[in-house]
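I opened the notebook to log a few look-ups. The model and its sequence come first.

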Amino acid sequence: MAETRSVVITGASRGLGLASAVLLYKRGWRVVGAMRSVDAGMQRLREATGADADDPRLIGVTLDLTDPASVAAAAKSITEAIGAPSALVHNAGISAAGMVEEAPISLWETMFATNIFGPVALTKALLPSMRAADRGRIVLVSSSSGVRGMPATAPYSAVKGALERWGEALAGEVTSFGIGVTILVTGTHDTEIITDAGTTDSRDFDGPYAAHHHTMDKRGRAAMKYAAKSPDRFATALAKALDGKAAFVRRSVGADARMLLIMNRVLPGAWMHTMTRLMMGIPRFGALGGTPAATMGAPDASRESDIDG
């Protein structure tokens, strides 16, 4: 009889994490849902899966990624419940909207604590058992915003970029122990994280970036209306990724993410910058300078830089 595989999914109480936990449970996995609101989250999971309260294949663990003590306690509970997990899925995260000038440093700190520092700490705590088992896969859920730095979401873009660089480094370190790393670059999915309720909003609609915000907000909402896909499609992609055997994989989930990865690979950085600016309706270089000095000696405002950083 084949061994039941086990998976730890952070942020399993809603969105992509909830959909993934439900699908993997139905496919026979032993699922550990790690979340801040474990009682409410487990109720949703049991309703969606039909699992009983004492089902050993569906386990809830309290996890606050911004609290080191909570991360340590969660890792201990996970190890005691299932031993070495077959897979660890870092899905939990927060989103934010606002220009760099508007977003408070406290938001950056919370963003990195939730998306980087907490996941790194949890991984460090679980790696010894995974190394001893000589198997496992660690999945990092990234985003299209991590492929390019996106205006008005700098903290989110920065943390997703950092997540991917961490994953690349980690893959090289653990591959000889039979542990693989997968980065899933997600496109737009219909979850709370793309709504006002799921986003920390630092935008000032009466400030110097007001015109940017009004245009970008209108275009962004229109795009999400037509581009957002069901979380179930992500769950299917995750299940496929967990069956992978490669030491390192970076894969897109969603047509919009796939197209962005292709364009970012083949087009110069200056072109991608211009395309992003035009898509979001941001005025050209120097357009809002306001004084003659702002344009004296400046590059031709009709052209973007041809330096590809």
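**Confidence.** I noted that this is a predicted model. The protein chain has a mean pLDDT of 86. I also logged that 86% of its residues reach 70 or more. I then checked residues 291–309, where the pLDDT is below 50. Beyond near neighbours in sequence, that stretch has 16 contacts in the model.

**Strand β1.** I asked how many residues of β1 (residues 6–10) are buried. Five of the five are, so the strand is largely enclosed by the rest of the structure. In a regular strand the side chains alternate between the two faces of the sheet. I sorted β1 that way: S6, V8 and T10 lie on one side, V7 and I9 on the other. Both faces are covered.

**Partners of β1.** I looked up which strands pair with β1. Strand β2 (residues 30–35) pairs with β1 in the parallel sense, over five bridges. V7 has V31 as its bridge partner in β2. I followed the chain from β1 through helix α1 (residues 15–26) to β2 and recorded a right-handed β-α-β crossover. Strand β4 (residues 87–90) also pairs with β1 in the parallel sense, over three bridges. There, V8 has L88 as its bridge partner.

**P155.** I found P155 in helix α5 (residues 154–174). Is P155 buried or exposed? Its relative accessibility is 2%, so P155 counts as buried. I listed its contacts, leaving aside neighbours within four places in sequence: A103, L107, W108, M111 and F112. I also checked S95, 60 residues away along the chain from P155. The C-alpha atoms of P155 and S95 are separated by 8.4 Å.

Methods. Residues numbered from 1 in each chain as written. Predicted model: local features only at pLDDT ≥ 70, side-chain atom pairs only at ≥ 80, totals over all residues. Heavy atoms only, no water. pLDDT = per-residue confidence, 0-100. Contact = heavy atoms within 4.5 Å. Buried < 20%, exposed > 50% of the residue type's maximum accessible area, 1.4 Å probe, protein only. Helix = DSSP H or I, 4+ residues; strand = E, 2+ residues; numbered from the N terminus. Pairing = 2+ DSSP bridges. Right-handed = clockwise from strand over helix to strand, strands pointing away.
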